[in-house]
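Student: I have a new model open and would like to learn how to read it. Could you take me through a few features?

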Amino acid sequence: MTASGSWSEAARALADKVAANALEWHEAVSKTPRHLLVPRWWERVPNSPTEEWELVAHAEDSRARITAAYSDETLVTRVGPLHADHAKPGQKAAGSPTSSSTLPGLIVSMMHRLNAEPGHRVLDVGTGSGYALSLFARRLGDEYVTSVDVDPYLVEAARARLAALGRIPRVEAIDATGELPEPAYDRIMATVSVRPVPNTWLRALRPGGRLVTTIAHTALLITADMGDEGIARGSVQPDPATFMETRQSPDYPPKLNEVFTTARDADGADVRSPDGPIPNLWQEWPLRWLYELDTPGVETRMATMPDGRRVVWLLAADGSWARAEESGDASRRTVHQDGARRLWDDLERVRRKWEERNQFPLHSMSVELGSDSGRLIAPDGAWTFSI
């Protein structure tokens, strides 16, 4: 079997899978050579305590590359400031992902929600590998699609690789939270997360236009349609989606390791019993996201200690911290807090308020986005969060 035949069959199989409920995107997926847009990527080293990644660089026509490229998986293309394209053989990267080719199923699902039709002018925020841009351009036409990314190299590479495929949409290296390349769009889709939703997006969205994006540090996917009065209204979608946050530099700010060094074992100024069980914030994700909406920017860490204790840390950039410990049999629970704010008190307040509202599902929240403010609104209307 030829390499062309191999990837074509794999792309059709991927399209059958991810576009089963979005048939308008089936042809674009089946005819887009993802393996040429993502020639190299990073894979996480299992059980690495320092977030190490190893380079994957298969030959273009290898079965391994075709299999990976046409799986419904995210391929991480950059870790910290190091793009896989620039790594040397055997070189490792360390840190958090800063760019990727998102799993195709999520891309297609978001495009289906976007409801873009031929003739619509679309803004694709977060060029990345150019895969979503390629799908847009194939279905809607190059001249109707503009893509932006803060990273000049990503823009340069995507532009060149798309041109080699005969696609020439507009691609610009800009900060997407600022001014946009064109004044008006019918559809805006972001594969980066934001908070707040940029005013420039709302000003550029035509009446009747639709926005699909995610809220930073949560997996809340929202859609909103622009009304004639300049306010976009919509809702949180039932399917979660996680994307990297918009940024203005090659890497994200460092994690709060100095605060963690203090919080790891110190008693703190406030020591008490918690109000109820210690939540597992990595499993109880609705609570974690509500806490993020209410108290933005708190870094969460968890660990199970050798003696069986489960420990949760909450860390803030102002030096505030909280540590909650629960023994293996849950017979003993303790909270330690210090700094200008009592972070665990805030978490318990959010949990109580959510329980008072019968733990409503997060996708039941509505969205209102105006040029001067945006908010998520709980079903009873009595609890709102600025976005």
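Student: What is the handedness of the crossing of H5 and H6?

Tutor: A crossing is left-handed if the near helix is turned anticlockwise from the far one by less than a right angle, and right-handed if clockwise. Here H5 and H6 cross in a right-handed way. This is a predicted model, where local features need pLDDT of at least 70, side-chain atom pairs count only at pLDDT 80 or more, and totals for chains, interfaces and linings use all residues. Residues are numbered from 1 along each chain as its sequence is written, and side-chain values use heavy atoms, with hydrogens and water left out.

Student: Which residues make the contact between H5 and H6?

Tutor: Contact means heavy atoms within 4.5 Å. H5 contributes Pro104, Ile107, Met111 and Leu114, while H6 brings Tyr131, Ala132, Leu135 and Phe136.

Student: Where is Glu292 placed, and is Glu292 buried or exposed?

Tutor: Buried means under 20% relative accessible area, exposed over 50%, partly exposed in between (1.4 Å probe, protein chains only). Glu292 sits in helix H10 (residues 285-294) and is buried, at 7%. A polar atom of its side chain lies 3.3 Å from the backbone nitrogen of Gly297. Leaving aside neighbours within four places in sequence, Glu292 also touches residues including Arg195, His217 and Val298.

Student: How does Ser6 read on that scale?

Tutor: Ser6, in helix H1 (residues 3-18), is partly exposed, with a relative accessible area of 22%.

Methods
Helix = DSSP H or I, 4+ residues; strand = E, 2+ residues; numbered from the N terminus. Polar contact = N/O pair within 3.5 Å; in protein donor to acceptor, adjacent residues only side chain to side chain.
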